[in-house]
Amino acid sequence: MRKCRFILFPILALFVLAASPLWADISPVGERIGTCLGDNDVYKVHADGIDIGYCLIGSGKPLLMLTGLGCTMNDWPEEIVEKLSASYQLVLMDNRGMGFSSEDGTDFSYPLFARDVLALMDELGMSKTYVLGYSQSSVTTQQLLLSAPERFEKAIIHATSVDGSSVADSLSRKSEKMSESLSPVVKRQLEAAKTWKSPLDRLSNLSMPVMFLVGTDDTVVGADSSLKLASVVPGSWLVRFKGGTHRLMYEAPKDFASVVIQFLSI
C-alpha cells in the first residue's frame with residue numbers, strides 16, 4: 001500500500017535545513033516592460049505564439065510560481081514572496097491573456113497552459129526547477145508533471161481539484177450576479193476548467209516529491225481532491241491548514257511559506 005504524509009496545521013513550528021549550495025541564477029532575457037510587486041523588473045519573451053510576461057526575484061535554486069484563475073503575478077502575497085525569495089530565485093509568470101502576457105485566440109486548455117510554462121522555461125534555459133501552482137495553476141502543475149516530469153525536481157500543488165467541471169460550475173454560480181463584469185479571458189479560463197479530470201492512473205506513476213497543500217474550509221475546490229491525489233501519488237505529502245479557505249495564502253502567509261521551505265529543503 002502506498003503511503004503519504006498527512007499533516008494538519010493548526011499551529012506551525014518548523015526547523016528549516018541549511019540553505020542549499022550555490023546555484024547559478026537565471027539571467028533575464030527579452031524586453032523589460034514594467035515592474036511587479038514593487039520595483040521588481042518584468043520582462044517579456046515571445047514563445048508558444050504569445051508574449052509571456054515574467055519576473056525574477058531572489059537568488060538560489062529556481063522556484064517557478066504559477067498563479068490562479070483571474071490572477072496575475074502581482075497577486076502573490078508579498079510576505080510569501082519575501083520569505084521564499086530569501087532562499088530561492090522565484091520565477092513568476094502571468095498566465096496567457098492575463099497581466100503582462102498576451103493570448104492569440106487559441107482555445108484555452110490545461111495542456112496549452114502547460115505548454116506556455118515549458119516554453120518560458122526553454123527561453124530562460126531552465127532545464128529543471130521546483131514548481132508551486134495555485135488553484136487554476138495547481139491543475140496546470142498536474143499537467144506539467146505528466147507532460148514533462150524530467151523538468152520538475154519537486155512540486156507544490158496548492159488548492160487543487162480532480163474535477164474541473166464541478167469547480168467551474170460552483171464558481172459560475174457564485175459569480176452569477178457579477179458575470180457581466182468577468183473579463184472574456186476569465187470566462188475562457190472557466191470553460192477550460194470544465195474539461196479537466198485528473199488521470200489518477202497516470203499520476204500514480206509520478207516519482208518526484210509532491211506536496212498537496214489545502215485549507216480544510218476551502219469551499220471553492222474542497223479539500224477532498226487533495227486527499228484523493230495524495231493517496232495515489234507515491235510518497236506525497238498532504239498538508240492541511242485547519243480552518244483555511246481558498247485564500248489560505250493570504251490568511252497565513254508566513255506559515256504557508258515556512259511549510260513550502262521545509263518541503264523544498266528536505
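**Spaces, a strand and a helix**

Author: Gln142, Leu145, Ile157, Leu203, Leu206, Val210, Phe212, Leu229 and Val233 line the second largest cavity. Keep in mind that this is a predicted model.

Reader: How is such a space found?

Author: Rolling a probe the size of a water molecule over the atoms shows where empty space is left. Here, the second largest cavity has a volume of about 30 Å³.

Reader: Which elements supply at least two residues each to the lining of the second largest cavity?

Author: They are α3 and β9, the latter spanning residues 210–215. By class, this lining has eight nonpolar residues, one polar and no charged.

Reader: How many cavities of 30 Å³ or more does the structure hold?

Author: Two. The largest cavity has a volume of about 40 Å³. Its lining consists of Met93, Asn95, Arg96, Phe113, Asp116, Val117, Ser137 and Thr140. Two or more of these residues come from α2 (110–124), and two or more from α3.

Reader: Which element gives the most to the lining of the largest cavity?

Author: That is α2, with three residues. Sorted by class, the lining of the largest cavity has three nonpolar, three polar and two charged residues.

Reader: What about the largest pocket? How much space lies in it?

Author: A cavity is a space the probe cannot get out of, while a pocket is open. The largest pocket here holds about 490 Å³ of space. Its lining is made of 27 residues. Nearest its centre lie Leu69, Ser135, Leu171, Val220 and His246.

Reader: Which helix supplies the largest share of the lining of the largest pocket?

Author: Helix α4 does, with four residues. Helix α4 covers 164–174, and α3 covers 136–147. Along with α5, each of these gives at least two residues to the pocket lining. The classes in this lining are 16 nonpolar, 10 polar and one charged.

Reader: Now a strand. Which way do its side chains point?

Author: In a regular strand the side chains alternate between the two faces of the sheet. Take β5, residues 61–66. Lys61, Leu63 and Met65 point one way. Pro62, Leu64 and Leu66 point the other way.

Reader: How many of the residues of β5 are buried?

Author: Six of its six, so β5 is mostly covered, where buried means under 20% relative accessible area. Both sets of side chains are included.

Reader: Is Lys61 buried or exposed?

Author: Lys61 is buried, with a relative accessible area of 14%. The Lys61 side chain also makes a polar contact with the side chain of Glu153, at 3.4 Å.

Reader: With which strand does β5 pair, and in what sense?

Author: The partner is β6, residues 88–93. The two strands run in the parallel sense and share six bridges. Within this pairing, Met65 stands opposite Leu92 in β6.

Reader: Last, a helix. Which residues of α5 are buried?

Author: To read a helix, list the buried residues and then ask where they sit around the axis. For α5, residues 184–193, the buried ones are Val185, Val186, Gln189, Leu190, Ala192 and Ala193. They cover an arc of only 160° around the axis, so they lie on the same side of α5.

Reader: And where should I look again?

Author: Go back to α5 in the largest pocket, where it supplies at least two lining residues. Then return to α3, which gives at least two residues to the second largest cavity and two or more to the largest cavity.

Note on methods
Residues numbered from 1 in each chain as written. Predicted model: local features only at pLDDT ≥ 70, side-chain atom pairs only at ≥ 80, totals over all residues. Heavy atoms only, no water. Buried < 20%, exposed > 50% of the residue type's maximum accessible area, 1.4 Å probe, protein only. Arc of directions from axis to C-beta. Polar contact = N/O pair within 3.5 Å; in protein donor to acceptor, adjacent residues only side chain to side chain. 1 Å grid on protein atoms, 1.4 Å probe; cavity = no way out; pocket = protein on both sides within 12 Å on 5 of 7 lines; lining within 4 Å. Points joined across faces, edges and corners; volume = space filled by probe spheres on them. Nonpolar A, V, L, I, M, F, W, Y, C, P; charged D, E, K, R; others polar. Pairing = 2+ DSSP bridges.
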